[in-house]
Amino acid sequence: MKFIDIGSAKIDVDRAQRKGFSEIVYGSSKTAEQIEKIVNVLLDKNGNALVTRVNEEKYAYLDAHIPDLAYDGESQVLTVGKPNPKLKIGLIYVVCAGTSDLPIAKEAVQVAEWMGANVKYLWDVGVAGLNRLLYYTDELRKADVIIAVAGMEGSMPTVLAGLVDAPVIAVPTSIGYGANLQGMTTMLSMLTSCSSGITVTNIDNGFGAAYQASLILRRMNKRLGDYNG
């Protein structure tokens, strides 16, 4: 298994062959210069790269040094290079409980779309106004995987999982008042859900949910012979 050692990082250039997608870079706590070096290796070896948690300052530097970047400021996701092959079947629905949870939900959307998934999304349908979620029940039942992003007590994924037959990947966010404990309360609530069919990511991990959901869709496509990636 090949990797390239650039001193500050050992870049797994063989990952695309093993997993179907090149190594994704976590940009937080890395300098812009470190990110630049990693991205250039990934572009050279795999033709594309995705970096999460890139703030505006780092993006400004990278934009001046790497051509043709795409950047979403709210989700802090940066992409460059050729797109991954589009998955022909399967649908991921990203459902966000509250407007304050949007950066994490949009991270999930950006990552899943980069991985070739067909993605729809629905914002601000938390259980404080349950009528909003119930209004979209028929639409949500079209999904093959649902990513449910919520803060506070994190009950929206539980309600949602009881309405659909698709697997639900719940993403707890750090949004909430003091007893929310920066998302710990939300995560524990989701882990102890009484609804079947829920799995739970780490706090604020929209990336992890999107990666898992996209792998599920990619396997569906490979089984049916409709994917060339």
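**Ground rules.** I am working with a predicted model, where local features need pLDDT of at least 70, side-chain atom pairs count only at pLDDT 80 or more, and totals for chains, interfaces and linings use all residues. Residues are numbered from 1 along each chain as its sequence is written, and side-chain values use heavy atoms, with hydrogens and water left out.

**The sheet.** I looked up the strand order and found an open sheet of five parallel strands, β8-β7-β9-β10-β11. Strands (E, at least two residues) and helices (H or I, at least four) are DSSP runs numbered from the N terminus, and two strands pair if DSSP finds at least two bridges between them. At the edges I noted β8 (119-122) and β11 (198-200), each pairing on one side only. I then checked β7 (residues 92-96), which pairs with β8 in the parallel sense over four bridges. Val 94 has Tyr 121 in β8 as its bridge partner.

**The helices.** I saw helix α4 (residues 102-114) packing on the sheet, where it touches β7, β8, β9 (145-150) and β10. Contact here means heavy atoms within 4.5 Å. Helix α9 (residues 206-223) also packs on the sheet, touching β7, β9 and β10.

**Leu 181.** I found Leu 181 in the loop between β10 (168-172) and α8 (184-191).

Conventions. Axes fitted to C-alpha atoms, helices over the stretch in contact; angles between N-to-C directions.
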